[in-house]
Amino acid sequence: MGVTTTCRCDFTGLPVDHSQLSSLVLKSPLGLTPAFQVTLNAVTQGSSPLLSPVLSDAGGARIEEDDETKRKRYPTDKAYFIAKEILATERTYLKDLEVITVWFRSAVIKENAMPEGLMTLLFSNIDPIYEFHRGFLKEIEQRLSLWEGRTNAHVKGDHQRIGDVMLRNMRALKEFTSYLQKHDEVLTELEKATKRLKKLEMVYKEFELQKVCYLPLNTFLLKPIQRLMHYKLILGRLCKHYTAEHRDFADCRNALKEVTEMTSQLQHSLIRLENFQKLTELQHDLIGIDNLTAPGREFIREGCLYKLTKKGLQQRMFFLFSDMLLYTSKGVTGTNQFKIHGHLSLHGMLVEESENEWSVPHCFTIYSAQKTIVVAASTRLEMGKWMEDLNMAIEMAKKSTEKSEMLLENSVCNRSNRSSDEVSVEQESEDDIHSSRSSLDRQSHHRANTTMHVCWYRNTSVSMADHSVAVENQLSGYLLRKFKNSNGWQKLWVVFTNFCLFFYKTHQDDYPLASLPLLGYTVSCPVEADGIQKDYVFKLQFKSHVYFFRAESKYTFERWMEVIKRATNSPARSSLLFPKEKDTHTD
């Protein structure tokens, strides 16, 4: 539409004008020709999701009344809302599978970019899962519409349950375990081929610029195993809700048993896959390091720290792995990547708090064989998280029999700066300045929702443990949304994943219209001064940015509060590698 809305950029707080995104929404791509499916290229990207308008405020109040009348008519049993969560998240899951089965397939076929062997490996493992879930989703939709229906009581009563549908499908899903066990190989082979074949690498990168690919592409390959974890958690909630006498209880308990067998088989594989996915994502977004996915390397924490230089404190991104600590030069390049400036081996490293020595709050010193650096965190809690993870990783590196030094020498490009005492402000090279001019239009929006960029703008850090918790805390559903200074409520389909809310007009849309990364946000109930006279409303706030969201039921409201809290408030002890009895700090 021609409407222009003014909204604030959620990182800098500066007002930014954005043209309203086109209201054209492609229907399900299944019926489209491959040529048409991939026309959503970078030119039509709209604004970066980090800076995107969170949709216009028009037409909200009307929807509100419709919802009030509907709410009075629909079932109010908690089990119904749990079943509704299964339906909502299944819809999102199917759309996520389509990113691979429909959209990515179409892109590689159009360019003839993938070798036949890899095509077979990838799609023969994901197509059967996708087809199965299409049928499963239809069953859930039918059951929910009967549950909501106005048929006579005894017929309706028989449909007010979900356990039988879950049990039947969890048993059927067991047949797919062999496919899921191959996802390890699929991910590895896809990454190898992307490094080897320039054409595939180009198609892959171009595809990640499309709005339909709203997360890093290879995260979609982890969704099938992660989905089993979700079924387990949801079925656990149903079993907890029902009494043992309830006629739906036995089916739910048996379905839970079936899915638990599958998740325990795949749990180890998932941890390994999530680590590999994270390393490859970082490999794509960091310049100046090769072979980040070296065997045995584990990702531990990424985030923002201030490094002490002769020019004072300067913001840097730091990346902690099981064998090394990397940090970047000052800012983001024109291609929205970070350039590695320093790398320190963990062997022989020592970390000490040094606030008094430097008179800088939340400051600590890292002594390594290569150099000594002084860094400051944004808060005492952040400093605690970094120091704890660094000390744990140093201990682990001591015990490690692998020659991390050799890995490090092989993986860090020789052209990266190895000066023994970095004190000057790094200059952007001519190449950087040129590339930022030539590719800013297309590249600056590249995968802006990676946690790396959010950590940079929100001045925080995220650990691998936080990522694992975030995987469990995914949610989808319709919410009503209101800005701080507006009157009407607007109904949106909202997906929460990867620490971020994605907004759609309806659940049928193929890509989000806008997004809101939540790292740094707090979630709470509105206070009297907010003037919200409605039930089931939660408030999201980051500095002066405030949003209100309204859920349809007590259960749904509590679930949104829970998942957002859990995924955005990480405890201080954040490494999965060293479980401890008790956390000492919490946010």
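A residue counts as buried when its relative accessible area is under 20%. Keep that cut-off in mind for the close-ups below, which come from a predicted model.

**View A. Ser322 sits in a loop and is tucked away.** Look for Ser322 in the loop between β5 (312–321) and β6 (324–332). Is Ser322 buried or exposed? Its relative accessibility is 9%, so Ser322 counts as buried. Now find Arg297: Ser322 and Arg297 are 25 residues apart in sequence, yet their C-alpha atoms are 5.8 Å apart in space.

**View B. Ser553 is another buried loop residue.** Here we're in the loop between β18 (545–550) and α18 (554–568), where Ser553 is found. Ser553 counts as buried because its relative accessibility is 5%. And what does the side chain of Ser553 make a polar contact with? Its partner is the side chain of Thr556, at 2.5 Å.

**View C. Pro216 lies in the loop leading from α9 to α10.** Pro216 is placed between α9 (198–208) and α10, in the loop that links them. With 5% relative accessibility, Pro216 counts as buried. Check out Lys278 as well: Pro216 and Lys278 are 62 residues apart along the chain, and 9.6 Å separates their C-alpha atoms.

**View D. Helices α10 and α11 cross each other.** How do the two helices meet? The axes of α10 and α11 come within 8 Å, crossing at roughly 145 degrees. This crossing is left-handed. Sort the residues of the contact by class and you get 16 nonpolar, 6 polar and 3 charged.

View F. To spot the buried ones, look for Thr451, Met452, His453, Val454, Cys455, Trp456 and Arg458. Just after α16 comes Asn459, with a positive phi of about 60 degrees.

View G. Asn112 has a positive phi of about 50 degrees, and its place is in the loop between α3 (78–111) and α4 (116–148). For Asn291, phi is near 55 degrees, and this residue belongs to the loop between β3 (286–287) and β4 (299–309). What about their surroundings? Asn112 counts as exposed because its relative accessibility is 63%. Asn291, at 31% relative accessibility, counts as partly exposed.

Technical notes
Residues numbered from 1 in each chain as written. Predicted model: local features only at pLDDT ≥ 70, side-chain atom pairs only at ≥ 80, totals over all residues. Heavy atoms only, no water. Axes fitted to C-alpha atoms, helices over the stretch in contact; angles between N-to-C directions. Helix = DSSP H or I, 4+ residues; strand = E, 2+ residues; numbered from the N terminus. Left-handed = near helix turned anticlockwise from the far one by under 90°. Nonpolar A, V, L, I, M, F, W, Y, C, P; charged D, E, K, R; others polar. Buried < 20%, exposed > 50% of the residue type's maximum accessible area, 1.4 Å probe, protein only. Polar contact = N/O pair within 3.5 Å; in protein donor to acceptor, adjacent residues only side chain to side chain.
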